[in-house]
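Subject: Structure handover and notes

Hello,

Here is the structure I said I would pass on. My notes come after it.

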Amino acid sequence: MKWNFRTILIASALALSVLLLSQGIWIRNSMSQRKENRTNDFQSCFNNSITNVINELLGKDDNSPFKIEQLDHDVTIGESTSQIHMDKPSASESASRLLENALILLLIEEGNFSLSPLDSLINNCITTGIGEILSADLTLQDSENLPIDSITYTAGHTGFRSSKLYVAERVLTSLDRTYTIRAEYRIAQPANLRNMGIATLVSLLASIAVISILSYLLYVIRQRHNQIQNMERSFHGAIHDLKAPLAYVYFLLSSLEEEEMEMEKRESLSLTAEKVSSLTGKINRFLQSKKEIKQILKKGKKRFFLYDMTKQIEVEITIMFPHKEILFHNEFDAELSIAGSPDHLEAVLRILLENAVKYNNKQPEVAIRSWRDEENIVIEIEDNGNGIPHNVVRKLFKPYYTTDNEHGTGIGLYYAKSIIKAHGGNISVNSVVGKGSTFTITLPNTNR
């Protein structure tokens, strides 16, 4: 199956972008709503503080001729004091606001209006309901923008803190004069608003990191995919190249068999020709089923005896290494049978047994053990060879990795692991340098 890695990457990046965008929109809307609410709260603090200043100057006790109250108080008909109610803009409030402004104008003209009580009330309202004040600038200006009174201060230790400047003003207009009360307060943003901004930044960085990691993984997968494809082509190409010389060898053996007069030699030539023919048949089966390894579990398996297969491989390996006195120990029941692909599992045993003899500078001793339990069939191949360093064991089953740069291809053990995995099993190795290695194959027990 050909993977379109670019499509996968684009789709993943698009999905992450949409997720980040939706989260950003939600956070932005939430922050905007919070800021809008805080702006309204500041405006209310400013207006209510002016109202309370007027009430304090006029007196709030029961003997006062009148007092100004907010509209959120209940109105009781028949009270002795006149009440001017202030709340959201309305026709009645317009009259109340005009009267309130008139009283402030009167106090300003008489010189009885000061910003200090107003600042105290605004300060108390903000700190109890909105947040911490970092700086304040409260001014009273005339129509020519000349300051009549002002209060300015800054918090002692503000540091680097997220804040917002809130502005509110009251314009007082008479027939010939205009006064403006203007409040500019910088208030620290609450932690939840800061956290929302941090969350947006973290989400952005996390998305970039995920996309980068995904891109790298797809790159590695693509490289490995191409590497495996090249390996498969090389492997099958090498097998295909054996067909011609084997056909020639078979033809030559058959010719010699026909010409040979001695019965013993004739039988040896006939047996050798059969081996060559059998090997040619295996090659043809491999070439006809290029992807058979991946389909082993889907196809019907054949049952074979492990002992017969192992003995055949041992005879052939003994002939391959005539200069080595090889000792094979078969420590398993001769009647033990396995269900699977005989050609592929024979290739696995051949690879492991040949390596056990090839990479051994001593007199090779190879023990083959096998047993069956309720869940699995286990095959162990132990040798007394050179052993494998720990840092090499981790790479041993990777494609093209080999410690024998002169003769090795790095395909054998990777191919063996692929076959075992296709059978639903696992292969592992335990090795001690200078003492030898033990390869363990675990296959599902299909006789349960």
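This is a predicted model: local features need pLDDT of at least 70, side-chain atom pairs count only at pLDDT 80 or more; totals for chains, interfaces and linings use all residues.

Residues are numbered from 1 along each chain as its sequence is written, and side-chain values use heavy atoms, with hydrogens and water left out.

Overall

The chain has nine helices and 13 strands; these are DSSP runs numbered from the N terminus, with helices being H or I of at least four residues and strands E of at least two. Of the 448 residues in the chain, 35% are buried. Buried here means under 20% relative accessible area, exposed means over 50%, and partly exposed is in between, with a 1.4 Å probe and protein chains only. Among contacts (heavy atoms within 4.5 Å) with a separation of 6 or more, 67% are between residues 24 or more positions apart.

The four-stranded sheet

An open sheet is formed by four strands in the order β4-β3-β6-β5, with antiparallel pairing. Two strands count as paired if DSSP finds at least two bridges between them. β4 (147-154) and β5 are at the edges with a single partner strand each, so one side of each has no neighbour in the sheet. From one strand to the next the twist averages 5 degrees. Axes are lines fitted to C-alpha atoms, for helices over the stretch in contact, and angles between N-to-C directions run from 0 to 180 degrees.

The strand pairs are as follows:

- β3 (residues 133-141) and β4 are joined by seven bridges, and Q141 stands opposite P147 in β4.
- β3 and β6 pair over eight bridges, with Y185 in β6 as the bridge partner of A136.
- β5 and β6 pair over 11 bridges, and K164 stands opposite I187 in β6. A hairpin of four residues joins β5 to β6.

Helix α3 (residues 115-129) lies across β3, β4 and β6, and runs at about 145 degrees to β3.

The loop between β3 and β4 contains N145. Its phi is near 60 degrees, a positive value in a residue other than glycine. Most residues other than glycine have a negative phi. N145 is exposed, at 55% relative accessible area.

Aromatic cluster

The whole structure has four aromatic pairs. Rings of Phe, Tyr and Trp (its six-membered ring) pair if their centres lie within 6.5 Å; planes under 30 degrees apart are stacked, over 60 edge-to-face, and the rest tilted. F42 and Y166 have ring centres 5.8 Å apart and planes at 40 degrees, so this pair is tilted. Because F42 lies in helix α1 (residues 5-58) and Y166 in strand β5 (residues 163-173), the pair ties together parts 124 residues apart in sequence. F42 is buried at 1% relative accessibility, and Y166 is buried at 2%.

F42 also pairs with Y185: the ring centres are 5.9 Å apart and the planes at 55 degrees, so this pair is tilted as well. Y185 is in strand β6 (residues 178-188), 143 residues from F42, and both residues are buried. F42, Y166 and Y185 form one aromatic cluster.

What sits over the ring of Y166? The charged end of K164 does, 4.5 Å from the ring centre. The criterion is NZ of Lys or CZ of Arg within 6 Å of the ring centre and within 35 degrees of the ring normal.

N360 and N384

N360 is in the loop between α7 (342-358) and β10 (365-372), and N384 is in the loop between β11 (376-383) and α8 (390-393). N360 counts as buried at 2% relative accessibility; N384 is buried with a relative accessible area of 19%.

Each side chain reaches a backbone nitrogen: that of N360 reaches K362 at 2.8 Å, and a polar atom of N384 lies 3.0 Å from the nitrogen of E365. A polar contact is a pair of N or O atoms within 3.5 Å; within protein, one must be able to donate a hydrogen and the other to accept it, and residues adjacent in sequence count only if both atoms are side-chain atoms.

Leaving aside neighbours within four places in sequence, N360 is in contact with K324, E365, N384, G385 and N386.

Regards
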